[in-house]
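Reader: I'd like to learn how to read a structure like this one, feature by feature. Can you walk me through it?

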Amino acid sequence: MDGIPTVVDVVEDPSGKDFARVVTEAEAITSNLSDTEPFVGMEFESEESVKVFYDAYASRLGFIMRVDAFRRSMRDGAVVWRRLVCNKEGFRKFKPKRSENRKPRAVTREGCKAMVVVKKEKTGKWVVTKFVKDHNHPLIVTPASARRNVLLSHTRDEKDAKIRELTAELQQERKRCAAYQEQLAMILRDMEEHSNHLARNIDNIIQSVRDIESKNNAFSNS
């Protein structure tokens, strides 16, 4: 089913032999299996299920996930690579102060390296290719009942970053659409020129046949 990560849990059957069992996202969230941390090779059914899983993992450990960089397929433009990071990843770019009266903004970026990177395979599954667990800042574990409030209280930096990301994606889509339109127009022009060329050739052939017939008729009558 789409949106369900494939988590392999090794259990022991009554005969004493280990066997692999696929754990669904619903099971992982509603049971102790939700303590599973990402690992290289972990498989998911979709990009969205990766985000759901890592967001739940971040909430348990005490940090906030941020959707970061992505890459698109050169063939169809679909996202095939995604990086999810801690919200304290990177450093805020310095900007000249506009007013001395403005209250300085809180420091929310501390260069944290924690992340998970996933790649879409040819099979359609998303596979974890890199996982960095350690953070360079204290983690604040929030009770489950308060996690929703934490997610809703993201700092302005995260909201601005999300807006910038969506705006960049929209601009990329517009550029891609414009490129497709230009390519389509070129193809149509080439087809029209080719059609006109064929029409001229056909007219020339018809005229040549008529000329030959006229010469033959004149030769027969002479």
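Reader: Let's start with L184. Which helix is L184 in?

Author: This is a predicted model, and in it L184 sits in helix 4, which covers residues 156-221. L184 also belongs to a nonpolar patch on the surface, together with I187, L188 and M191. Those residues have about 410 Å² of accessible area together.

Reader: How many helices and strands does the chain have?

Author: Four helices and seven strands. If you walk along the sequence, the order is β-β-α-β-α-β-β-β-β-α-α.

Reader: And what share of the chain is made up of buried residues?

Author: Of the 222 residues in the chain, 28% are buried. The cut-off to keep in mind is that buried means under 20% relative accessible area, while exposed means over 50%. Anything in between is partly exposed.

Reader: Let me try that on a residue. Is R60 buried or exposed?

Author: R60 has 18% relative accessibility, so it counts as buried. R60 is part of helix 2, residues 47-61. Its side chain has a polar atom 3.1 Å from the backbone oxygen of T36.

Reader: What about L61, also on that helix?

Author: L61 is in helix 2 too, but with 24% relative accessibility L61 is classed as partly exposed. Both residues can be set against I140. For R60 and I140, the C-alpha separation is 9.2 Å at 80 residues apart in the chain.

Reader: On to aromatics. How do I read ring pairs, and how many aromatic pairs are there?

Author: Look at how far apart the ring centres are and at the angle between the planes; a pair needs centres within 6.5 Å, and planes under 30 degrees apart count as stacked, over 60 as edge-to-face. By that rule there are five aromatic pairs. Take Y54 and Y57: their ring centres are 5.7 Å apart and the planes make an angle of 25°, so this pair is stacked. Y57 also pairs with F63, and that pair is edge-to-face, with 6.2 Å centre to centre and 80° between the planes.

Reader: Where do Y54 and Y57 lie?

Author: Both are in helix 2, three residues apart, which is about one turn of the helix. Y54 and Y57 are both buried, and the value for Y57 is 2% relative accessibility. F63 is buried as well, at 6% relative accessible area.

Reader: Which ring has the charged end of R71 sitting over it?

Author: The ring of W81. The charged end of R71 is 4.0 Å from the centre of that ring.

Reader: Now salt bridges. What's the general idea?

Author: Side chains of opposite charge can pair when their charged atoms come close. In this structure, a search of the whole model turns up 12 salt bridges.

Reader: Which residue does E47 bridge to, and at what distance?

Author: E47 bridges to K51, with 3.6 Å from N to O. The two are four residues apart in helix 2, so about one helical turn separates them. E47 and K51 are both buried.

Reader: Which residue does R83 form a salt bridge with?

Author: R83 bridges to D68, and the closest N and O atoms are 2.8 Å apart. R83 is in strand 5 (residues 79-86) and D68 is in strand 4 (residues 65-72), so their bridge ties together parts that are 15 residues apart in sequence. R83 is partly exposed at 24% relative accessibility, whereas D68 is buried at 18%.

Reader: And how exposed are the partners in the D76 and R75 bridge?

Author: Their side chains meet at 3.6 Å, N to O. D76 is partly exposed, at 41% relative accessible area, and R75 counts as exposed, at 70% relative accessibility.

Reader: Which residues do salt bridges with shared partners join into one network?

Author: E47 and K51 turn up again here: they are joined with R72, R82, E169, E173 and R176 into one network.

Note on methods:
Residues numbered from 1 in each chain as written. Heavy atoms only, no water. Buried < 20%, exposed > 50% of the residue type's maximum accessible area, 1.4 Å probe, protein only. Polar contact = N/O pair within 3.5 Å; in protein donor to acceptor, adjacent residues only side chain to side chain. Phe/Tyr/Trp six-rings, centres within 6.5 Å; stacked < 30°, edge-to-face > 60°. Lys NZ or Arg CZ within 6 Å of the ring centre and 35° of its normal. Patch = residues over 30% accessible without salt bridge, like charges linked within 9 Å, V, L, I, M, F, W, Y side chains within 5 Å. Areas by Shrake-Rupley, 256 points an atom, 1.4 Å probe, with all protein chains shown as cover. Salt bridge = Lys/Arg side-chain N within 4 Å of Asp/Glu carboxyl O.
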